[in-house]
Amino acid sequence: MTTHGYEAGRLDLPFVGISTFGKRPYVADWTAIEADAAILGAPFDFGTQWRAGARFGPRGVREASTLFSFGHAGAYDHEDDVTYLPGDVRIVDIGDADIVHTDTMKSHANIEAGVRAILKAGALPVVIGGDHSVNIPCINAFDDQGDIHILQIDAHLDFVDERHGVRFGHGNPMRRAAEKAYVTGLTQIGIRNVSSTAKEGYEDARAMGSDILSVRQVRKLGPEATANRIPEGARVYITLDIDAFCPSIAPGTGTPSHGGFLYYDVLEILQQVAQRHEVVGIDLVEVAPDYDPTGGTSILAAQVLLNLLGFIFHARAQG
């Protein structure tokens, strides 16, 4: 006997209705969030150093996510024999933080306020950027949440301290995070080839507690051994830059870097992390839909996020 509502409810195909994330309920009042996870858009891309366009990332990922809005029955995975994201996992979309054009600090403060509202409600914050600078206000919001470890999946180290007075651009977030007393360490994977960070940036990162792995090193280790490098018992915040993926599958980004991960490279690591650790927050950044007319990059981002949420809440249900 089926327990879903396909027969009694609306069919509600992906192209019908309003494009909230996964077609989940929209909550406009940030003081009235009642959910297990809440999606916040951070459409800010003033921190980019090359191609802009990630301001349209939240909108693009939301629209792409409707492809996976099965809704009534969750998502059954025959390999795992698990139905992920069943109806008792409450996910809401709280819209976007307000962005004040040319004003990084006000825009970042508005993003931080959204993450704080989600945390206050006891929900898992899931932020869709925007460029990688939006991670800075996200991590700021965790200043009263206890110790966290950051898993960064990215082509670039993003560990620049300051360049020409810029401290809060998309090349700075991991340095700003490492400075926080409550960030106990960083695991940075996918970092490769020609990088925006000079050698001293890598030296600084390692001195401040970073474990840095390239794509080839991760593949040699495998997903289980890679996940094992995160300290046991760590509460993990995941920041995923879409340029961690090879531009052959994710061209829709501002700073593509060839030689990146393929889908299962990342997915299997995320599944291991979700099984072993409490995941306390997520951001996915740098999707710039206009550079990918196929829409594939946005679909990839939505698929990764929904699978990751499925892994997290299944692990929680298993205790």
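Predicted model: local features only at pLDDT ≥ 70, side-chain atom pairs only at ≥ 80, totals over all residues.
1. Is D243 buried or exposed? D243 has a relative accessible area of 0%, and buried means under 20%, so D243 counts as buried. Setting aside neighbours within four places in sequence, D243 is in contact with D154, A155, H156, R192, T253 and T255. For A155 there is a further detail to look up: a polar atom of the D243 side chain lies 3.1 Å from the backbone nitrogen of A155.

2. Now turn to D154, one of the residues that D243 contacts. D154 sits in the loop between β6 (148-153) and α4 (173-178). Its relative accessibility is 0%, so D154 is buried. Beyond four places in sequence, D154 touches H132, I189, G190, I191, R192, D241, D243 and A244. The side chains of D154 and Q152 are joined by a polar contact of 2.9 Å.

3. Both of these aspartates also turn up in an annotation. Which residues does UniProt list under "binding site"? The unreviewed entry gives H132, D154, H156, D158, D241 and D243. They are spread over 112 residues of sequence, yet they cluster in space, with a largest C-alpha distance of 12.3 Å.

4. Next, a look at a strand residue. V92 belongs to strand β4 (residues 91-96). With a relative accessible area of 7%, V92 is buried. Not counting residues up to four places away in sequence, V92 touches R24, P25, V27, I33, E34, A35, A37, A38 and I39. V92 and T20 are 72 residues apart in sequence, while their C-alpha atoms are 8.5 Å apart in space.

5. Finally, a pair of helices. Two packed helices are described by the angle between their axes and the distance between the axes. Here, helix α1 (residues 57-65) packs with helix α9 (residues 296-318) at an angle of about 70°, the axes being 8 Å apart. Angles of 65 to 115 degrees count as roughly perpendicular, so α1 is roughly perpendicular to α9. On the α1 side, the contact is made by G60, V61, A64 and S65; on the α9 side, by S298, I299, A301, A302 and L306. What kinds of residues make up this contact of α1 with α9? Six are nonpolar, three are polar and none is charged.

Technical notes: Residues numbered from 1 in each chain as written. Heavy atoms only, no water. UniProt positions renumbered as here; feature names shortened; annotations may be inferred. Helix = DSSP H or I, 4+ residues; strand = E, 2+ residues; numbered from the N terminus. Buried < 20%, exposed > 50% of the residue type's maximum accessible area, 1.4 Å probe, protein only. Contact = heavy atoms within 4.5 Å. Polar contact = N/O pair within 3.5 Å; in protein donor to acceptor, adjacent residues only side chain to side chain. Axes fitted to C-alpha atoms, helices over the stretch in contact; angles between N-to-C directions. Parallel < 35°, antiparallel > 145°, perpendicular 65-115°, else oblique. Nonpolar A, V, L, I, M, F, W, Y, C, P; charged D, E, K, R; others polar.
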